[in-house]
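Please have the sequence and the coordinates at hand while reading.

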Amino acid sequence: MSLPPLVEPAAELTVDEVRRYSRHLIIPDVGMDGQKRLKNAKVLCVGAGGLGSPALMYLAAAGVGTLGIVEFDTVDESNLQRQIIHGQSDVGRSKAESARDSVKEINPYVDVILHEDRLDNSNVMEIFSGYDLIVDGTDNFATRYLVNDAAVLLGKPYVWGSIYRFDGQASVFWAEHGPCYRCLYPEAPPPGMVPSCAEGGVLGVLCASIGSIQVTEAIKLLAGVGEPLVGRLMIYDALEMQYRSVKVRKDPNCALCGDDPTVTELIDYEAFCGVVSEEAQAAAAGSTITSKQLKEWLDDEENIFLVDVREPNEYEIVNIPGATLIPKGEFLMGTALERMPQDKKIVLHCKTGVRSAEVLAVLKSAGFSDAVHLGGGVIGWVNQIEPEKPVY
Ligand SMILES: [Zn+2]
């Protein structure tokens, strides 16, 4: 499947630009037309770290006219093993500024726009709307789902890459022409399951292998040449020195880009990815019970009020007998508080214990100081108490 060029060509190249890009101009598939499209292109790179470094440098060298950089961090000495857009003298500087200086040194004809903010629900749509294509170099799941969802909602192609130790993956997600990231990974892995590069390490040069795939795909989409990596996942094993690609199909049941989407706007990505807030951690400390404990209380007919804070569709799939469904949102709005009994012990649960910990924080600050929540949620309950029930 080839796709039409993403960008209209610029009016012309200057004499200096013709000299600079001559090795592109003599490739028939790129030529003057393709180079003018690159000049007119606006590409946003999320992160100027491991993947962002080679991506920004090659996008700049290739003549992409406008490069946006989302980055709020500063350069640390431990970055230099792989983040080659920064140098020794940049340690302690803003990564965004350091990256801009390198881009300008490589190609002064590139306009660089810095977004020195943490990408979040409040700014992502506005930032993304100014660009033709998003190159993702983030290393955490919450930001990755945020980038995917915003790209799908805005109809923009999202060039994704991921690296860990000796392994890399890359793909192009574009819901209008193929799957999105959620079609491939509908759910984030449980927190702590997938170690980050900071915890597990990454071979520095792996960034170049995956970053160069991302830039190659970006250029192909912008200029409309070749077969894009839409609907395919590229998997690179540096130890075996093997690249292989597997088909990724659009999932008709995808929560975001499927036939009947349930995600129609940005969601709470930290909660979705199981990042527990500090308040929730504090509330859960000493107030977390196990499935066995809950079973004992239920068997002994203890005076408890068991509340399921998930959504109705989740409750329908599997629930704990005797639980009352009151979704988390009703606690956040405050409407659920009046339904809380004063003469019973309140036990909260959700799917895995993340949302219930957040609701616990709300309840405790409202004065329900002896409320507790179920660690591991309904998933833990099914595993330990009712293994015949389904998990999701
Ligand atoms: Zn999807």
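Which side chain meets that of K295 in a salt bridge? In this predicted model, the partner is D299, with N and O at 2.8 Å. The two residues are four apart in helix α13, which means that about one helical turn separates them. Both ends of the pair are partly exposed, K295 having a relative accessible area of 30% and D299 one of 49%.

| Salt bridge | N to O distance |
|---|---|
| K295 and D299 | 2.8 Å |
| E314 and R355 | 2.8 Å |
| E358 and K328 | 2.9 Å |

The bridge between E314 and R355 links distant parts of the chain, since E314 belongs to helix α14 (residues 312-317) and R355 to helix α16 (residues 354-365), 41 residues apart. E314 and R355 are both buried.

E358 and K328 also form a salt bridge, and this pair again joins distant parts of the chain, with E358 in helix α16 and K328 in helix α15 (residues 328-333), 30 residues apart. E358 counts as buried because its relative accessibility is 14%, under the 20% limit, and K328, at 10%, likewise counts as buried.

On the surface, E296, D300, E301 and E302 gather in a patch of negative charge. Of these, E296 lies in helix α13 (residues 291-299) and is partly exposed, with a relative accessible area of 43%. The unreviewed UniProt entry annotates residues 300-390 as "domain: Rhodanese"; this span is 35% helix and 16% strand, and its end C-alpha atoms lie 25 Å apart.

How values were computed: Residues are numbered from 1 along each chain as its sequence is written. This is a predicted model: local features need pLDDT of at least 70, side-chain atom pairs count only at pLDDT 80 or more; totals for chains, interfaces and linings use all residues. Side-chain values use heavy atoms; hydrogens and water are left out. Patches are made of residues with over 30% relative accessible area and no salt bridge: like charges are joined within 9 Å, nonpolar side chains (Val, Leu, Ile, Met, Phe, Trp, Tyr) within 5 Å. Accessible areas come from the Shrake-Rupley method with a 1.4 Å probe; for residues, only the protein chains shown count as cover. A salt bridge is a side-chain nitrogen of Lys or Arg within 4 Å of a carboxyl oxygen of Asp or Glu. Lys and Arg count as positive and Asp and Glu as negative; His and the chain ends are not counted. The place of a charge is taken as NZ of Lys, CZ of Arg, CG of Asp or CD of Glu. Buried means under 20% relative accessible area, exposed over 50%, partly exposed in between (1.4 Å probe, protein chains only). UniProt positions are given in the numbering used here, feature names are shortened, and annotations may be inferred rather than shown by experiment.
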